[in-house]
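The sequence and structure come first, and the notes follow by topic.

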Amino acid sequence: MHVTKISIDRAALACFLIRLMTALIPVKRVRVRVRRRLLDRARDARTARLVPIVRARYAAHEQRCRDKLARGERLRVAFLVCDASMFSAEPVFQAMVDDARFEPFIAIVPRVTRGEAFLRETLAKTLETLAPRYSGKVEAFYDPETKVRRPLAERADIVFTSIVYSDQTFPDYTSESLSEQALTVYIPYGYSGPLAADLRRLVFLPELALFWQGVVPVESTRAAWVKANPLLAGVLMVGGYPKMDRLSRVGRIGNRAKTVLICPHHSLGRGDMKGVALSNFLRFSNFFLRLPTLFPDVHFVFRPHPLLFPRLATREWWGERRVAEYRAALGRLRNVTLQEGGDYFETFVNSDALVHDCGSFFAEYFYTGHPQCYIVEDNTVLTREFTEFGKRLHRYVAHAQTEEDIIEFIRTTVVNGKDLMSEKRQAFAANEVCLYHPHSVDLVVRKVIERIER
């Protein structure tokens with residue numbers, strides 16, 4: 001704890017001095033660029049100092065776990081969850097419940113980046129969703145009334161988490177703090193590899209380098225990430241995409257209306273261009289209300305990214321009143337279901353096509369075998385926002401830049417059933433996207449044990 005505390009204090013001081021010095025640069029564009037470069041260098045230097053310290057901790061934790069297994073004791077495994085809809089490691093949790101080597105439990109912690117109201121709503125919704133599903137195995141580690149945070153690291157030998165941004169939750173529940181007492185395993189919220197933002201930003205996050213293990217779906221992603229940041233060489237393992245294993249057990253409903261998913265992303269502005277800039281919602285918001293009236297015999301499921309409406313509700317964008325009006329307008333459409341959060345696997349399986357501009361759903365929808373139409377502002381989006389792997393995925397989807405493009409996709413592919421890329425798309429998915437499916441969970445559990453027992 002002492003080393004980490006000193007490191008945090010030094011990091012805070014370094015950031016303060018960098019901001020103070022760069023404040024003297026008169027031109028904002030130059031000031032921002034220089035400040036960002038200096039802050040990144042300070043971050044990277046701190047991460048490089050911490051990596052050997054954290055990995056020494058992990059070596060000791062591995063030995064402790066080996067000793068427990070040798071004595072016939074079970075390993076305590078915590079699954080850290082901020083949002084039920086982002087519980088990527090749920091199939092791993094389910095597998096460990098039935099494995100005598102493990103004693104798993106779900107630790108619900110708050111998401112702190114979207115304000116107090118969002119924190120409370122998400123925390124309550126996550127608890128309400130998961131507690132009945134896994135009775136006796138779900139615990140809340142934060143009380144929003146008393147502001148008390150319960151320690152987690154000392155309760156677990158291994159912690160599975162999808163939290164990779166250090167400011168997403170309290171420091172107690174990030175990999176650096178958790179590494180003091182437990183082995184940490186990163187199971188990404190989304191399918192890793194297609195987005196260029198991962199190589200611009202994600203691979204350099206300290207959290208990622210400080211995990212014990214991080215699961216990526218395919219070798220090409222592992223190689224690209226390690227090339228960008230060599231510190232990840234000892235962290236990343238190829239394990240497929242465990243989140244989607246459960247999809248194979250979801251049944252398809254017969255005799256239903258043809259169904260199209262409309263899933264807009266939340267990245268409304270370009271920002272500093274280190275993150276993603278995918279969203280076309282502001283261009284198409286009115287059209288999404290008109291589209292169901294053009295196809296009255298088609299059922300539409302409008303499922304926005306969980307952050308879209310909260311972001312739109314801020315003063316920077318629409319505000320709460322206009323968001324409420326938009327929700328109400330969707331609710332008045334008889335062939336539309338508004339789906340906000342919750343499990344989407346049944347929705348995926350019982351759909352016929354996806355129209356969207358998302359990051360995570362892009363690769364995930366390949367698991368269904370169904371066609372998708374990806375909305376782009378123009379062709380530069382493919383070059384700017386996607387890796388070489390992501391561009392290969394784009395060869396097997398339709399694209400839309402205009403309202404008419406979307407209408408034509410639904411008319412041709414959904415209503416008339418002319419899915420011309422079906423065979424090639426499914427072959428590509430099997431060979432390059434959905435590796436190890438539906439046995440990715442078994443692979444991940446086996447690799448975790450092998451790493452402990454090496």
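N255 is found in the loop between β9 (236-238) and β10 (259-263); helices (H or I, at least four residues) and strands (E, at least two) are DSSP runs, numbered from the N terminus. The model is predicted, so local features need pLDDT of at least 70 and side-chain atom pairs count only at pLDDT 80 or more, while totals for chains, interfaces and linings use all residues. Residues are numbered from 1 along each chain as its sequence is written, and side-chain values use heavy atoms, with hydrogens and water left out.

**Backbone geometry**

- Most residues other than glycine have a negative phi, and most peptide bonds are trans.
- N255 is not a glycine, yet has a positive phi of about 55 degrees.
- With a relative accessible area of 86%, N255 is exposed; exposed means over 50%, buried under 20% and partly exposed in between (1.4 Å probe, protein chains only).
- K147, also not a glycine, has a positive phi of about 65 degrees.
- K147 sits in the loop between β4 (142-143) and β5, and counts as partly exposed at 42% relative accessibility.
- The peptide bond from H437 to P438 is cis, with omega near 5 degrees.
- P438 belongs to the loop between α17 and α18.

**Aromatic rings**

- A pair of aromatic rings is described by the distance of the centres and the angle of the planes.
- The whole structure contains 34 aromatic pairs, where rings of Phe, Tyr and Trp (its six-membered ring) pair if their centres lie within 6.5 Å; planes under 30 degrees apart count as stacked, over 60 as edge-to-face and the rest as tilted.
- F366 and F428 make an edge-to-face pair, 5.9 Å centre to centre with 65 degrees between the planes.
- F366 lies in the loop between α13 (360-364) and β14 (372-375) and F428 in helix α17 (residues 422-433), so this pair ties together parts 62 residues apart in sequence.
- F366 counts as buried at 5% relative accessibility, and F428 is buried with a relative accessible area of 6%.
- One aromatic cluster is formed by F281, F284, F287, F288, F302, F309, W318 and Y326.
- W318 of this cluster also has the charged end of R322 over its ring, 4.1 Å from the ring centre; a charge sits over a ring if NZ of Lys or CZ of Arg is within 6 Å of the ring centre and within 35 degrees of the ring normal.
- The charged end of R149 sits over the ring of F170, 4.4 Å from its centre.

**Nonpolar cores**

- In soluble globular proteins, nonpolar side chains tend to be buried together.
- The largest nonpolar core has 71 residues; such a core is a set of buried Ala, Val, Leu, Ile, Met, Phe, Trp, Tyr and Cys residues joined through side-chain atoms within 4.5 Å.
- The residues with the most contacts inside this core are F79, L80, I106, L152, I158, F160 and I452.
- Leaving aside residues up to four places away in sequence, F160 touches V77, A78, F79, L80, A89, V92, M96, V185, I187, V444 and V448; contact means heavy atoms within 4.5 Å.
- A second, separate core has 34 residues, among them Y191, L247, V301 and Y367.

**Salt bridges**

- The structure holds 31 salt bridges, each a side-chain nitrogen of Lys or Arg within 4 Å of a carboxyl oxygen of Asp or Glu.
- E62 and R451 form one of them, at 3.8 Å from N to O.
- E62 lies in helix α2 (residues 28-70) and R451 in helix α18 (residues 440-453), so the pair ties together parts 389 residues apart in sequence.
- Both E62 and R451 are buried.
- E139 and R155 are bridged, with their closest N and O atoms 2.7 Å apart.
- E139 is in strand β3 (residues 138-140) and R155 in the loop between β5 (148-149) and β6 (158-161), 16 residues apart.
- E139 is partly exposed at 22% relative accessibility, and R155 is partly exposed at 28%.
- R384 and E385 also form a salt bridge, the closest N and O atoms being 2.7 Å apart, and both are buried.
- A network of salt bridges links R64, K68, R76 and D157.

**Helix α18**

- The 14 residues of α18 reach 20 Å from first C-alpha to last, close to the 20 Å expected at 1.5 Å a residue; the expected span is 1.5 Å times one less than the number of residues.
- Buried residues in α18 include V444, V448, R451 and I452.
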